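Colleague: I am new to this entry and would like to learn how to read its features one by one. Could you take me through it?

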Number of protein chains: 2
Amino acid sequence: MNANGFGTQVKRGVIEFCVLSMLNRREHYGFELVQELSRVDGLLTSEGTIYPLLSRLRRAGLVSPEWRESTSGPPRKYYRLTPEGEHTLDDYRRQWTLIRDAVNTLVSE
Amino acid sequence: MNANGFGTQVKRGVIEFCVLSMLNRREHYGFELVQELSRVDGLLTSEGTIYPLLSRLRRAGLVSPEWRESTSGPPRKYYRLTPEGEHTLDDYRRQWTLIRDAVNTLVSE
DNA sequence: CCCAGTACCTTGTTATGCAAGGTACTGGCT
DNA sequence: AGCCAGTACCTTGCATAACAAGGTACTGGG
């Protein structure tokens with residue numbers, strides 16, 4: 001609960017920020033987000049994190065989903081950012097920069 | 001719950017990292033930590049965050065407290081890092097660097 | 001004499017990462 | 001035919017931590 005705790009806690013909110021950014025670049029479906037995030041060192045995540053997150057984002061009106069068939073498996077639910085999602089992403093970018101720089105300053109001494 | 005949510009969630013764990021770093025530089029008492037952290041843009045925090053955090057750190061053996069009199073008010077509980085605390089701080093530094101760089105990469109496109 | 005400041009603490013609410021489990025379809029191996 | 005791994009969606013329950021709000025106790029100034 002300690003060795004893993006730090007990563008777990010910091011990821012709170014950071015994951016949401018990352019997902020919004022990825023959806024801003026191009027649309028993704030949930031399973032794809034899990035795989036791409038897990039490939040990044042330090043952001044290992046799971047379906048139990050991403051699917052509820054996507055539901056929250058949809059309920060908040062930040063993303064909109066669209067079912068689409070796949071030739072190689074079950075249908076996929078693609079998500080893209082809404083205008084409100086873009087606005088929120090801008091907000092998060094500012095807050096992330098603030099916090100990141102604050103931490104770097106406090107910690108580098 | 002959205003405008004403030006991001007900051008709140010990202011701070012989870014980040015605050016612990018900051019406190020450990022500050023205690024590594026020199027000993028601090030709780031009220032002092034609240035004031036110094038609140039002076040930093042983006043890390044605004046409160047006693048309801050810091051005191052429980054210090055208790056957790058003490059129970060985990062990462063910090064050790066020491067009461068000391070003050071000439072200008074109630075006695076203060078000064079905390080300093082234990083050797084185990086220093087070890088944990090090194091760990092957190094590595095994890096923070098990983099996550100910070102991962103987020104910066106994912107987000108800057 | 002009260003009120004603001006310093007300094008400690010706790011309780012309850014809320015949010016969210018994650019493990020674990022469930023459904024359903026496809027394709028390959030034996 | 002039978003089975004298992006992979007793809008893709010989802011939910012429930014647990015543990016954790018930030019924060020608001022409230023409580024205690026001492027000090028010094030108006």
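Colleague: What should I know before reading any values?

Modeller: This is a predicted model, in which local features need pLDDT of at least 70 and side-chain atom pairs count only at pLDDT 80 or more, while totals for chains, interfaces and linings use all residues. Residues are numbered from 1 along each chain as its sequence is written, chains are lettered from A and ligands numbered from 1 in the order in which they are written, and side-chain values use heavy atoms, with hydrogens and water left out.

Colleague: How much area do chain B and chain A bury between them?

Modeller: The size of an interface is often given as the accessible area lost when the parts come together. Chain B and chain A bury about 3600 Å² between them, with 69% of it on carbon and sulfur atoms; this is the accessible area (1.4 Å probe) lost on being put together, summed over both parts. The contacts join 35 residues of chain B to 33 residues of chain A.

Colleague: How many residue pairs are in polar contact between chain B and chain A?

Modeller: Ten residue pairs, both residues at pLDDT 80 or more, are in polar contact between chain B and chain A. A polar contact is a pair of N or O atoms within 3.5 Å; within protein, one must be able to donate a hydrogen and the other to accept it, and residues adjacent in sequence count only if both atoms are side-chain atoms. On the side of chain B that touches chain A, H1(B) gives the most, with 13 residues; helices are DSSP runs (H or I, at least four residues), and strands likewise (E, at least two), numbered from the N terminus.

Colleague: Which residues are closest to DNA strand D?

Modeller: A residue is near a strand if one of its heavy atoms lies within 4 Å of it. For DNA strand D, 26 residues surround it, the closest being A:Phe31, A:Glu47, A:Tyr51, A:Arg76 and A:Lys77. The side chain of A:Tyr29 has an N or O atom 3.1 Å from a phosphate oxygen of DNA strand D, and that of B:Arg12 has one 2.8 Å from a sugar or linking oxygen. H1(B) gives the most to the surface near DNA strand D, with five residues.

Colleague: Which residues come nearest to DNA strand C?

Modeller: Of the 24 residues around DNA strand C, those that come nearest are A:Arg12, B:Phe31, B:Glu47, B:Tyr51 and B:Arg76. An N or O atom in the side chain of A:Arg12 is 2.5 Å from a base oxygen of DNA strand C, whereas a polar side-chain atom of B:Tyr51 lies 2.7 Å from a phosphate oxygen.

Definitions and conventions. Contact = heavy atoms within 4.5 Å. Buried area = accessible area lost by both parts, 1.4 Å probe.
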